[in-house]
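Colleague: Before I set up any calculation, I would like to go through this model with you, taking one question at a time.

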Amino acid sequence: MSRAAFRLIGIGTTLARYRLDEMLDLLPGLRALRWARGLLPKPRGDIGSLARGARLRLALQELGPLFVKFGQILSTRRDLLPADVADELALLQDRVAPFPGSEAQRAIEAELGQPIGQLFRTFELEPLASASIAQVHAAELPDGSAVVIKVLRPGVEQRIESDLRLLKALAALFERHAAARADRLQPSEIVAEIERTLRAEVDLQREGANASLLRRNFENSPDLQVPRVYWDWSKNRVLTLERVYGIASDDLAAIDAAGIDRIKLAEKGVRLFYTQVFRDNFFHADAHPGNIWVDATRKDDPRFIALDFGIMGTLPDDDLRHLAENFRAMFERDYRRVAELHLEAGWMPAHVRVDELEAAVRSVCEPYFTRPLAEISIGEVVVKLFKLAHRYELTIQPQLLLLQKTLLNIEGVGRLLHPKLDIWAVAQPVLSELMAKRYGLNELRGRFRDRLPELLEQAPELPRLLHAWLRQAAAGETRSRIRSEDLARLADVSERGQRRVVWAVIGAALLIAATLLYALESGGPRWFGIPAGQWIALVGGVMAFVAALRQR
């Protein structure tokens with residue numbers, strides 16, 4: 001039996017142990033297997049009493065890194081998942097037993113090409129932290145600088161490749177047997193997103209570059225500390241960073257014991273989020289409390305410390321501008337403008353009427369704005385707007401989903417630190433100031449100045465291009481080329497439909513031919529007493545119908 005088959009059996013056993021057999025209901029093609037539920041043993045008492053979301057979370061943790069990522073990414077699809085399941089999946093923690101420190105040492109020596117004693121003054125075999133993709137060891141550089149070394153687990157890339165192949169096969173199975181649900185959940189898209197995330201996380205050189213850019217963006221900042229990257233001790237499978245000390249942002253007892261002003265800290269967290277997104281367009285997209293520490297040495301002017309830079313987000317300029325204007329319109333309760341921006345950005349199909357969309361946006365936002373400002377969650381409003389987009393069968397871009405997840409994380413941390421935090425009051429002036437800087441006259445002048453050499457270089461070509469265009473217009477030879485994802489999708493559906501009809505007609509014709517051959521008692525060679533021509537027509541007809549069904 002192949003390794004994939006063993007892995008598939010292992011996955012099935014784990015899902016059965018956590019009684020996730022109810023997932024069969026999602027696959028109409030496999031509903032015939034529901035009778036097998038009665039053969040499954042009863043769950044352990046501690047498992048049986050758990051809610052479905054908690055059972056799914058524990059099963060994914062047991063299945064390994066790829067499935068943990070699957071759950072984490074799935075948790076961002078609050079526009080698709082029930083809230084209780086999404087909340088549980090958002091709690092997924094990627095913590096596993098460490099591998100031996102001696103193996104980590106060998107991996108570091110192989111990657112950096114020197115014995116550990118020559119690379120570092122000291123190296124601690126006992127890891128500081130361990131996750132499914134890498135683990136972290138403390139060390140000292142030859143000059144005495146305290147550092148941490150992140151090193152990939154041996155063979156992790158091969159395991160990820162193997163599980164990715166399996167997950168792609170499962171996604172294809174889901175799409176084939178649950179087409180209606182697959183259109184909403186888009187399993188292949190989710191698997192592709194997992195693949196992108198994991199490939200980024202196993203490239204530690206890329207993570208180091210992310211850390212460097214974020215550090216540069218907040219150099220000498222009183223609000224955020226980012227550890228320094230030591231490039232001479234870093235490669236694709238090894239990353240060496242400055243060692244930092246702090247308190248996890250959800251450890252309220254330790255934060256209070258250190259005498260840190262939690263209200264200031266919470267407000268700084270909100271401002272940092274908007275600054276990363278709208279000033280730098282480069283944000284930490286895995287901002288759970290384990291990756292966001294608090295500097296214990298700064299009591300009156302607190303500061304966050306960022307860790308783990310494997311998942312960072314950035315948005316196309318157009319999306320960023322539309323998003324900023326959306327926030328501002330929401331702050332001003334200008335639902336008409338929110339609707340117009342959704343259409344302008346292409347987040348809604350162009351055929352949607354703006355007054356209809358305005359009414360839908362009002363129905364989403366107004367219930368929130370009747371609450372006290374301190375109880376309003378911007379993240380929840382964004383989730384509701386994404387669900388609204390989904391109602392119009394629109395696909396949300398992965399980077400926007402990443403931003404939504406980060407927004408919910410930041411609001412969660414902020415409200416944990418200061419339950420009465422008025423996120424609207426903190427965010428609105430920050431956003432207005434950042435918008436004025438990013439899209440103000442000075443910024444516009446700067447961009448024009450930067451592109452001036454390019455514009456001057458192209459200027460001599462303009463008269464010739466204008467003359468050519470006018471000549472084509474006068475001769476009636478101008479052409480318009482329109483590209484649309486909706487049109488492309490419609491064309492694809494139409495093409496598949498045509499192929500299905502062709503195969504079905506061929507199948508029907510062959511079956512009729514087989515019937516006629518039988519009725520007319522045709523001659524020629526016979527197989528099992530039936531004319532060979534009838535066999536050929538019959539088999540050909542069945543194959544044509546199978547081909548037609550595969551075009552769905």
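Colleague: Is R333 buried, partly exposed or exposed?

Modeller: Please keep in mind that this is a predicted model. R333 sits in the loop between α14 (317-331) and α15, and R333 has a positive phi of about 55° although it is not a glycine. Buried means under 20% relative accessible area and exposed means over 50%, so R333, with a relative accessible area of 41%, is partly exposed.

Colleague: What is the relative accessible area of N281, and why does N281 count as buried?

Modeller: N281 belongs to the loop between α13 and β8 (283-284), and its phi is near 50°, a positive value in a residue other than glycine. Because buried means under 20% relative accessible area, N281 falls in that class with a value of 10%.

Colleague: Within what arc do the buried residues of α15 fall, seen down the axis of the helix?

Modeller: Helix α15 covers residues 335-344, and the buried residues in this helix are Y335, V338, A339, L341 and H342. Seen down the axis of α15, these buried residues line one face of the helix, because they fall within an arc of 165°.

Colleague: Which residue just after α15 takes a positive phi?

Modeller: The backbone just after α15 has a positive phi of about 80°. The residue that takes this value is G346.

Colleague: In β6, which residue is the bridge partner of I149?

Modeller: Strand β4 (residues 146-152) is mostly covered, with 6 of its 7 residues buried. β4 is joined to strand β6 (residues 238-242) by 5 bridges, and the two run antiparallel. Within β6, the bridge partner of I149 is T240.

Colleague: Which residue in the turn between β3 and β4 has a positive phi?

Modeller: Strand β3 (residues 134-140) and β4 run antiparallel and are joined by 7 bridges, with A139 standing opposite V147 in β4. The two strands form a hairpin with 5 residues between them, and the residue in the turn with a positive phi, of about 90°, is G144.

Colleague: What angle does the direction of helix α13 make with that of β10?

Modeller: The open sheet concerned has 4 strands in the order β5-β10-β9-β7, with mixed pairing. Its edge strands are β5 (224-225) and β7 (247-248), each of which pairs on one side only. β5 and β10 (residues 304-306) pair in the parallel sense over 2 bridges, and Q225 has I305 as its bridge partner in β10. Helix α13 (residues 262-280) packs on this sheet, touching β5, β9 (292-294) and β10, and the angle between its direction and that of β10 is about 45°.

Colleague: What separation do the C-alpha atoms of I376 and L421 have?

Modeller: I376 lies in the loop between α16 (354-369) and α17 (378-391), and at 0% relative accessibility this isoleucine counts as buried. I376 and L421 are 45 residues apart along the chain, and the separation of their C-alpha atoms is 9.7 Å.

Note on methods: Residues are numbered from 1 along each chain as its sequence is written. This is a predicted model: local features need pLDDT of at least 70, side-chain atom pairs count only at pLDDT 80 or more; totals for chains, interfaces and linings use all residues. Side-chain values use heavy atoms; hydrogens and water are left out. Two strands pair if DSSP finds at least two bridges between them. Contact means heavy atoms within 4.5 Å. Axes are lines fitted to C-alpha atoms, for helices over the stretch in contact, and angles run from 0 to 180 degrees between N-to-C directions. Buried means under 20% relative accessible area, exposed over 50%, partly exposed in between (1.4 Å probe, protein chains only). The arc is that of the directions from the helix axis to the C-beta atoms.
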